[in-house]
Amino acid sequence: MRDGPDLTKVLDWVERVAAFASGEWGLTPVTGRVLAWLMACAPPEQSAAEIAGAVGASRASLTTSLRLLTSARIVGRVRRPGDRTVYYRLEDDAWSTIIERQLTAFTVFDRLAAEGLRLGWADDEQAARIRSARDSIAALHRRLDPPAQRVDNQ
């Protein structure tokens with residue numbers, strides 16, 4: 001890192017992001033470190049060796065992490081003219097991609113929950129657990145959609 005925050009503070013932040021990504025999203029700590037490093041590094045394009053050195057990753061774990069992040073289109077591969085090295089960079093729309101995928105997953109799960117409710121439960125307690133999932137997803141949609149544009153699809 002050139003100008004900016006102290007590298008020790010940046011690496012401490014990288015560790016906190018990695019712990020969050022591991023606990024909340026199920027990513028390996030190394031993948032979380034790679035993601036955080038690519039958010040904070042300068043220059044924004046980094047070789048695998050630079051990333052490994054920054055986050056203390058083995059070549060094998062780094063390769064696995066980069067494969068996951070590139071296949072998810074969160075990280076992109078960059079080549080420079082005349083340079084055989086591959087560089088990695090956080091995609092400009094990485095966070096909107098992540099959020100859009102999660103929202104789509106909730107929509108798909110809501111449809112599955114709706115199917116579950118149509119199975120004809122004799123025990124209202126069982127149906128209530130399924131309804132709870134739908135209610136929570138509907139609450140998320142209400143929270144995210146401006147009231148003037150809200151369209152409920154229930």
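Author: Helices (H or I, at least four residues) and strands (E, at least two) are taken as DSSP runs, numbered from the N terminus. On that basis the chain holds six helices and three strands, and from the N terminus on its elements follow the order α-α-β-α-α-β-β-α-α. This is a predicted model, in which local features need pLDDT of at least 70 and side-chain atom pairs count only at pLDDT 80 or more, while totals for chains, interfaces and linings use all residues. Residues are numbered from 1 along each chain as its sequence is written, and side-chain values use heavy atoms, with hydrogens and water left out.

The part I would look at is helix H2, together with its partners. Helix H1 (residues 7-25) packs against H2 (residues 29-40) at an angle of about 130°, the axes being 7 Å apart; axes are lines fitted to C-alpha atoms, for helices over the stretch in contact, and angles run from 0 to 180 degrees between N-to-C directions. H1 is therefore oblique to H2, since angles under 35 degrees count as roughly parallel, over 145 as roughly antiparallel, 65 to 115 as roughly perpendicular and the rest as oblique. On the H1 side the contact (heavy atoms within 4.5 Å) includes Leu7, Trp13, Glu15 and Trp25, and on the H2 side Pro29, Arg33, Trp37 and Met39 are among the residues that meet them. By class, the residues of this contact divide into 15 nonpolar, two polar and two charged, where Ala, Val, Leu, Ile, Met, Phe, Trp, Tyr, Cys and Pro count as nonpolar, Asp, Glu, Lys and Arg as charged, and the others, Gly among them, as polar.

H2 also packs against helix H4 (residues 59-71), at an angle of about 65° and with the axes 9 Å apart. Here Val30, Thr31, Val34 and Leu35 of H2 touch Ser61, Leu62, Ser65, Leu66, Leu68 and Leu69 of H4, a contact with seven nonpolar, three polar and no charged residues.

Five bridges join E2 to strand E3 (residues 86-90) in the antiparallel sense, and the bridge partner of glycine 76 in E3 is arginine 89. Along its principal axes the C-alpha trace of the whole chain spans about 65 × 35 × 30 Å.

Definitions and conventions. Pairing = 2+ DSSP bridges.
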